[in-house]
Amino acid sequence: MRLLIVDDSALIRFHIRGFLGELSNVEIAEAVSGIEALEKHRTFKPDIIILDYIMPAPDGLAILKIVTKIDKNVKLIMATTLGNQKYIYKSFIECGAFAILAKPIIKEDLLHAVKSIEHCINVGDAI
Amino acid sequence: MKKVIIDDLQEGMISNQTIYNERGTILVAQGVRLTISIIKRLKKINIAFIDIQDDEKFSSCSPFTPTAQKAISTVKTLSSGLFALKTVNVRNNIVAIEEIIHSVLARPFIQEFLESCTDDERLYTHSLRTAILSTNMGLIKGYDNLNLQYLAMSAIVHDCGMGNKFDEDEEHAFRGFMKLRQNLDVDMTITLVCLQHHERYNGTGFPFSCGRTQISEFACLLAVVDHYDRLLMKNNDPRKALFDTIGQKSVYFDPRMVDLFATTIDWPRIYSI
């Protein structure tokens, strides 16, 4: 499984990579900006993208809109610090996010989300 | 292609990837030969490793093909035309603008696009005039040479989704994005400008109704000059086109880009006879 971490903070990318360390058969790539996320989506072809919302333009919501339009297979997990702003959650889901994680990201939540996507992919493959 | 750890990088190696900072600004372009200062810069921003080309894949073709020659002379003619309109001043930067545009004419995808639209004068001149205007703004904004080249390339191919004829069809932005995206030699910065140049600051644009923080900086910049040039193409009075464009500040366009555009206006000559 290929997983792309998109966040403009090196520290957060480092933490997420650490959280995912216990998963086997996972290849991880990182992107520091929305533009690089699109570039890595094109070349690395991830199955999962963990995408920060607040980044210098284009932000995570723009990337979510673009990627879900051009790639029906990839699953996106949005990460945001905007905990109580319901309209943001609504936007993410309407635009096709698979899951939303509040920052700071809790390891168990992230692993649950990734494992449930892995399950979806395996079920899809089986069908 | 091979991955090389940052400490093992050597002067003269050729990068096989574009490296961005967290603001999306290009630090090293794909195909660029590394210098000591570039390697130092990469170390400073804690890049662990980069993809290096095994051989010189990006041997540039001659910029003096007939297509490039025609583009060079068209750029000169269009610059003179802009001067005659007495609205936007590109004269002060014209040498630098021409150098930037000339330097990107060697790229195969640029030549391919220009060749495809030579039969449609409107699309051809619109592409090159927006390149002149946006490069002028980029120079004033203080972009480095690399980012100016990417801005100029973005401007030239931004309407490639139209095919070979100028068309107002709203699908062209997405079509162009998908077309450029298939070509791995076209950087995503350029591809994204093609996708987003009709997005609007207030979220009323197309194809994704993106607004404010969702639109890339180059796309915000190009949106302003694209709008201005489209008004000129519709035979609007140049002054009316100008005021219409700056009147969309914070509505259609990023206010910072409208302010930047306003600095290029040749105010003393606007009302001169």
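Author: A polar contact is a pair of N or O atoms within 3.5 Å. The model discussed here is predicted. In this model the side chain of Ser15(B) reaches the backbone oxygen of Gln17(B) at 2.6 Å, so the pair falls within the cut-off of 3.5 Å and is called a polar contact.

Reader: Why is Ser15(B) called buried?

Author: Buried means under 20% relative accessible area. Ser15(B) has a relative accessible area of 0%, and is therefore buried. Its place is in the loop between β1 (2–5) and β2 of chain B. Leaving aside neighbours within four places in sequence, Ser15(B) is in contact with residues including Val28(B), Gly31(B), Leu34(B), Ile50(B) and Ile52(B).

Reader: What makes Gln214(B) buried or exposed?

Author: The relative accessible area of Gln214(B) is 10%. As the limit for a buried residue is under 20%, Gln214(B) is therefore buried. This residue is found in the loop between α8 and α9 (217–233) of chain B.

Reader: Which side chain does Gln214(B) join in a polar contact?

Author: The side chains of Gln214(B) and Lys65(A) are joined by a polar contact of 3.0 Å. With neighbours within four places in sequence set aside, Gln214(B) also contacts Pro58(A), Asp59(A), Leu61(A) and Ala62(A), among others. In chain B, Gln196(B) and Ser209(B) are among its contacts.

Reader: What kind of peptide bond leads from Ala57(A) to Pro58(A)?

Author: That bond is cis, with omega near 0 degrees. Pro58(A) lies in the loop between β3 (48–52) and α3 (60–70) of chain A. The bond from Lys103(A) to Pro104(A) is likewise cis, with omega near 0 degrees. Pro104(A) belongs to the loop between β5 (99–102) and α5 (107–126) of chain A.

Reader: Why is α7(B) called roughly antiparallel to α8(B)?

Author: The axes of helix α7 (residues 172–181) of chain B and helix α8 (residues 188–196) of chain B come within 7 Å and cross at roughly 165 degrees. Angles over 145 degrees count as roughly antiparallel, which makes α7(B) roughly antiparallel to α8(B). The crossing in which α7(B) passes α8(B) is right-handed. By class, this contact has eight nonpolar, two polar and one charged residues.

Reader: Which residues of α7(B) and α8(B) meet?

Author: In α7(B), the residues are Ala173(B), Phe174(B), Gly176(B), Phe177(B), Leu180(B) and Arg181(B). They meet Met188(B), Ile190(B), Thr191(B), Cys194(B) and Leu195(B) in α8(B).

Reader: How do you know that α2(A) is roughly perpendicular to α8(B)?

Author: α2(A) and α8(B) pack at an angle of about 105 degrees, with their axes 9 Å apart. Angles of 65 to 115 degrees count as roughly perpendicular, and α2(A) is therefore roughly perpendicular to α8(B). By class, the contact has four nonpolar, two polar and two charged residues. Ile35(A), Leu38(A), Glu39(A) and Arg42(A) in α2(A) meet Met188(B), Thr189(B), Thr191(B) and Leu192(B) in α8(B).

Reader: What makes helix α2 of chain A mostly covered?

Author: Of the 11 residues in this helix (residues 34–44), 10 are buried. Among them are Gly34(A), Ile35(A), Leu38(A), His41(A) and Phe44(A).

Reader: Why are Lys45(A) and Arg212(B) called exposed?

Author: Exposed means over 50% relative accessible area. Lys45(A) has a relative accessible area of 57% and is therefore exposed. Arg212(B) has 54%, and so Arg212(B) is exposed as well. Arg212(B) is found in the loop between α8 and α9 of chain B. Its phi is near 35 degrees, a positive value in a residue other than glycine.

Reader: Which residues of helix α11 of chain B are buried?

Author: In this helix (residues 255–263), the buried residues are Pro255(B), Met257(B), Val258(B), Leu260(B) and Phe261(B). Their cover includes α5 (121–141), α9 and α10 (238–246) of chain B.

How values were computed:
Residues are numbered from 1 along each chain as its sequence is written. Chains are lettered from A and ligands numbered from 1 in the order in which they are written. This is a predicted model: local features need pLDDT of at least 70, side-chain atom pairs count only at pLDDT 80 or more; totals for chains, interfaces and linings use all residues. Side-chain values use heavy atoms; hydrogens and water are left out. Axes are lines fitted to C-alpha atoms, for helices over the stretch in contact, and angles run from 0 to 180 degrees between N-to-C directions. Helices (H or I, at least four residues) and strands (E, at least two) are DSSP runs, numbered from the N terminus. Angles under 35 degrees count as roughly parallel, over 145 as roughly antiparallel, 65 to 115 as roughly perpendicular and the rest as oblique. A crossing is left-handed if the near helix is turned anticlockwise from the far one by less than a right angle, and right-handed if clockwise. Contact means heavy atoms within 4.5 Å. Ala, Val, Leu, Ile, Met, Phe, Trp, Tyr, Cys and Pro count as nonpolar, Asp, Glu, Lys and Arg as charged, and the others, Gly among them, as polar. Buried means under 20% relative accessible area, exposed over 50%, partly exposed in between (1.4 Å probe, protein chains only). A polar contact is a pair of N or O atoms within 3.5 Å; within protein, one must be able to donate a hydrogen and the other to accept it, and residues adjacent in sequence count only if both atoms are side-chain atoms.
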